[in-house]
Amino acid sequence: MHILKWVLLGVLLAVSVAEASTTTMVAPVCVEEDRASLMSFKARIVQDTTDILASWTGRDCCNGDWEGVSCGMTGRVTKLQLQRPEKNSEMFMKGTLSAALGNMQFLEVIVISGMKHISGSIPESFSALSRLTQLVLEDNGLGGTIPSSLGHLSSLQILSLSGNHLRGQIPPNIGNLVNLLQLNLAKNSLSGPIPQTFKAFPSLQYFDLSFNELSGGPPSSCGLPKLLDLLLSNNKLTGTIPVQIEGLKSVTTLSLSGNQLRGQIPASISKLQNLWNLNLSRNGLSNPLPTILVSSIPSLLTIDLSYNRFVFGTVPAWIRNKQLSEVHLAGCGLRGALPIFRVSDSITSIDLSDNHFTGGISNFMKNMSSLQKLKLSNNQLRFSLSELKLPDVFSSLDLHSNQIYGSLSNILNRETSGFLEVIDVSNNQITGAIPEFTSGLGLKVLNIGSNKISGHIPSSISNLGELIRLDISRNQIQGTIPTSIGALKKLQWLDLSVNSLTGKISNTLLAIPRLRHANFRANRLCGKIPQGRPFNVFPAAAYAHNLCLCGTPLPPCREAEEWKL
């Protein structure tokens with residue numbers, strides 16, 4: 001009985017304490033010092049089309065109403081996260097970063113990204129934020145240099161300053177940030193060498209310095225045991241790929257494309273057991289390739305060796321026999337018949353353009369049921385379009401500059417997949433008429449220029465509602481320009497030059513809001529050019545060598561011509 005009494009008493013006490021705590025617990029009130037710093041930031045933003053800062057009103061920045069602001073239990077601001085909605089490119093903030101943010105000593109996270117027009121420099125005062133674990137200032141308009149004082153932020157795990165206008169050298173003491181998991185300085189104008197201090201980031205998983213102007217060689221010492229992604233593409237790196245690259249035991253993506261690297265690919269690259277994406281394209285690498293067994297690099301799925309100084313002759317056997325998803329070997333000195341891949345049903349993308357392939361395509365395409373993108377341009381291939389069997393998932397076809405013949409109706413018909421977005425068969429020997437376009441097609445690019453296509457432009461071209469680029473130049477097209485082209489609201493590029501088109505350029509084309517380029521040269525067109533932008537500001541050369549076009553940018557129409565029009 002006594003035991004039961006104490007149990008009941010304990011329950012009653014627990015309930016009363018819980019009730020007391022729920023009645024006394026209130027949301028923390030924002031500390032005035034933090035509120036003042038936030039208001040200073042707001043004052044430096046002169047325009048905010050995101051309307052985020054419009055929610056920053058009242059005395060309490062911790063009440064949940066201040067968008068992007070999070071507080072801890074003590075009423076101190078711990079997170080400032082201001083991100084532009086990805087799908088709305090019209091939203092931005094314009095202004096500069098306030099140094100007062102450096103006074104918010106309890107900040108753990110700063111994310112100000114995608115605002116496009118936040119300019120000026122990164123405040124030195126940020127180095128006082130000793131609790132900061134994330135500093136993300138991506139895709140703004142920040143300039144100046146990276147403050148070397150950021151190297152004092154010893155708790156930092158994520159540093160991303162990509163997509164700005166930062167210049168100068170990368171401060172060596174960024175190498176002091178041994179807790180970094182992600183380092184992203186891509187898409188700036190950074191120059192000079194990659195600091196030698198970047199030798200040992202024991203926890204680093206993502207390292208991106210791509211799209212800068214960095215020089216010198218790639219890091220020769222690779223104390224990066226947990227690194228998954230190494231992205232150094234599109235810089236001015238020179239020298240050779242270091243043998244020590246085998247030290248990147250965990251790396252899954254290695255991209256050194258678009259540099260000035262020379263020499264051979266080191267055999268040690270075959271020891272990267274977890275590598276699945278290898279991109280060494282657009283360098284000065286040369287023969288011979290290292291001897292690589294099919295069983296080497298077991299995780300490899302995508303490989304791009306395009307546009308180096310390789311002269312392979314034939315596709316290396318280990319590439320042909322490996323189960324790959326993407327194979328890009330453009331400009332690699334390949335010749336003869338197109339290769340046969342042993343595991344062809346896994347391939348989604350192939351680029352063998354700018355080589356010396358001859359012959360047909362029928363055997364090459366067998367069993368490629370997963371193929372989505374095919375690029376075989378600038379070869380000497382000769383086959384009929386009727387031999388081309390495109391899988392249902394196919395999206396992009398580039399066969400320009402070969403000796404391909406046949407009719408467009410072989411690839412554009414009622415059975416054409418709605419996934420197909422790009423067709424470029426320009427500069428071939430294709431004949432016949434342009435087929436009717438059925439509804440439901442998702443074509444964004446249609447380039448059939450420089451062939452022997454005749455007939456007229458079908459009015460059903462209006463069914464290509466997603467079309468961005470249309471080029472039917474240098475053919476034998478007759479008839480008038482269909483007014484239905486005006487329904488192509490997404491069209492940006494239109495080239496109808498060097499044909500036998502007659503009639504006038506319809507004013508319905510003024511309804512195309514995004515048109516940036518148009519060419520009507522060398523036809524038999526007559527009448528007044530549509531007098532509205534952009535048609536009256538295109539260069540006169542875009543209308544030259546026709547029968548009797550007139551009006552700006554050509555000489556004005558005569559009165560008799562005006563009456564007829």
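Reply: A salt bridge is a side-chain nitrogen of Lys or Arg within 4 Å of a carboxyl oxygen of Asp or Glu. The structure holds seven salt bridges. This is a predicted model, in which local features need pLDDT of at least 70 and side-chain atom pairs count only at pLDDT 80 or more, while totals for chains, interfaces and linings use all residues. Residues are numbered from 1 along each chain as its sequence is written, and side-chain values use heavy atoms, with hydrogens and water left out.

Me: Why is the contact of Glu32 with Arg35 called a salt bridge?

Reply: The closest N and O atoms of Glu32 and Arg35 are 3.8 Å apart, which is within 4 Å, so the pair is a salt bridge. Glu32 and Arg35 are also linked with Arg59 in a network of salt bridges.

Me: What makes Glu246 and Lys271 a salt bridge?

Reply: Their closest N and O atoms are 3.0 Å apart, within 4 Å, and therefore the pair is a salt bridge. Glu246 lies in the loop between strands S14 and S15, and Lys271 in the loop between strands S16 and S17, so the pair ties together parts 25 residues apart in sequence; strands are DSSP runs (E, at least two residues), numbered from the N terminus.

Note on methods: Helices (H or I, at least four residues) and strands (E, at least two) are DSSP runs, numbered from the N terminus.
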